[in-house]
Amino acid sequence: MDAAQQEATARARELQRNWYGEPLGALFRKLIEDLGLNQARLAAVLGLSAPMLSQLMSGQRAKIGNPAVVQRVQLLQELAAQVADGSVSAAEASERMEEIKKSQGGSVLSNTTHTTSGSGAPTVKRVVREIQSLLRSVAAAGDIIDAADSLAPAHPELAEFLRVYGAGRTSDAVAHYQSHQS
C-alpha cells in the first residue's frame with residue numbers, strides 16, 4: 001500500500017470513528033467474535049455484499065450508505081451486549097439475527113419487541129442509538145458539527161445535542177441523555 005492509499009485509509013477510518021463511534025473494522029470484528037459469526041454471515045445479516053463488508057472493514061470505503069444497514073449494525077451491537085451479559089442465549093441470538101436480517105429499517109424510533117428491555121421499556125442505550133442513527137441517516141458527522149457550530153451562539157444547548165448525538169460516542173450520548181432526565 002502506497003502513502004496515498006495509507007492516507008486515504010486513515011482518513012476513512014477517522015470518518016468512521018466520527019460517524020459510528022469507532023472504525024468499522026473494529027466494530028465488525030467485535031460483532032463477529034461476540035456473536036460467533038464469520039464475515040460472510042455478518043454481511044448476509046447486515047444486507048451487504050461480502051466485498052462491501054470487506055471494503056468497509058479495511059477502510060477502502062468510509063460510509064455505510066443505507067440507513068437500514070446502519071440500524072441493523074446497531075441492533076446487532078445491542079444483541080451482542082445481551083449475549084455478553086447472559087440475558088440472551090446463543091440459540092435466541094441466532095433467531096434474533098434472522099429477524100434483524102429481515103428488518104427493512106423503517107422508523108428508527110419504532111417501539112418493536114427488539115427495542116425494549118425485559119420490563120418492556122426502551123433501554124437508554126437503545127433510545128440513544130436510535131437518535132444517533134436518525135441524525136446520522138440525514139447528515140454526515142462533519143455536516144452535523146458544522147450545523148452545531150452555526151447554532152452555538154444563539155442555541156448552545158441544541159448545538160451540544162447535535163454534537164453529542166450526531167458526531168459523538170454512544171457512551172457520551174448515554175451520559176448526556178441520563179443527565180437530562182428528571
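Let's start in the middle. The largest nonpolar core has 35 residues. Phe28, Leu42, Leu46, Ile64 and Leu76 have the most contacts inside this core. By nonpolar core I mean a set of buried Ala, Val, Leu, Ile, Met, Phe, Trp, Tyr and Cys residues, joined through side-chain atoms within 4.5 Å. Buried means under 20% relative accessible area, exposed means over 50%, and partly exposed is in between, with a 1.4 Å probe and protein chains only.

Which elements build this core? Helix 1, helix 2, helix 3 (39-46), helix 4 (50-58), helix 5 and helix 6 (90-102) each give two or more residues to it. Helix 5 gives the most, with seven residues. In soluble globular proteins, nonpolar side chains tend to be buried together.

A word on the model. This is a predicted model, so local features need pLDDT of at least 70, and side-chain atom pairs count only at pLDDT 80 or more, while totals for chains, interfaces and linings use all residues. Residues are numbered from 1 along each chain as its sequence is written, and side-chain values use heavy atoms, with hydrogens and water left out.

Back to Phe28. Take contact as heavy atoms within 4.5 Å. Leave aside neighbours within four places in sequence, and Phe28 is in contact with Leu42, Leu46, Leu53, Leu56, Met57, Ile64 and Val73.

Now the overall picture. The protein has 10 helices and zero strands. Along the sequence, the pattern reads α-α-α-α-α-α-α-α-α-α. Helices here are DSSP runs of H or I with at least four residues, strands are E runs of at least two, and both are numbered from the N terminus.

How many residues are there, and what share is buried? There are 182 residues in the protein, and 43% of them count as buried. Take the contacts with a separation of 6 or more: residues 24 or more positions apart account for 63% of them. The accessible surface comes to about 9,600 Å². Carbon and sulfur atoms hold 53% of that surface. Those areas come from the Shrake-Rupley method with a 1.4 Å probe, and for residues only the protein chains shown count as cover.

Next, the largest pocket. About 430 Å³ of space lies in it. A pocket is an open set of points on a 1 Å grid over the protein atoms alone, where a 1.4 Å probe fits, with protein on both sides within 12 Å along at least five of seven lines. Lining residues have an atom within 4 Å of a point. Grid points are joined across faces, edges and corners, and the volume is the space filled by probe spheres set on the points.

Who lines this pocket? There are 23 lining residues, and Glu22, Leu27, Gln77, Arg129 and Thr170 lie nearest the centre. Helix 1 (3-20), helix 2 (24-35), helix 5 (67-84), helix 7 (124-138) and helix 10 (170-179) each give two or more residues to the lining. Helix 5 provides the largest share, seven residues. By type, the lining divides into 10 nonpolar, six polar and seven charged. Here Ala, Val, Leu, Ile, Met, Phe, Trp, Tyr, Cys and Pro count as nonpolar, Asp, Glu, Lys and Arg as charged, and the others, Gly among them, as polar.

Now some single residues. Gln132 lies in helix 7. Is Gln132 buried or exposed? Gln132 counts as buried because its relative accessible area is 1%. Beyond four places in sequence, Gln132 touches Gln74, Val164, Tyr165, Gly168, Arg169, Thr170 and Ala173.

Tyr165 sits in helix 9 (residues 156-167). Its relative accessibility is 2%, so Tyr165 counts as buried. The C-alpha atoms of Tyr165 and Val128 are separated by 7.5 Å, with the two residues 37 apart along the chain.

Ala12 is in helix 1. At 6% relative accessibility, Ala12 is buried too. Not counting residues up to four places away in sequence, Ala12 touches Gly59, Arg61 and Ala62. C-alpha to C-alpha, Ala12 and Gly59 are 5.4 Å apart, and 47 residues apart in sequence.

Last, two residues with more to show. Pro51 has its place in helix 4. Pro51 is exposed, because its relative accessible area is 53%. Gln178 is found in helix 10. Gln178 has a relative accessible area of 47%, so it is partly exposed.
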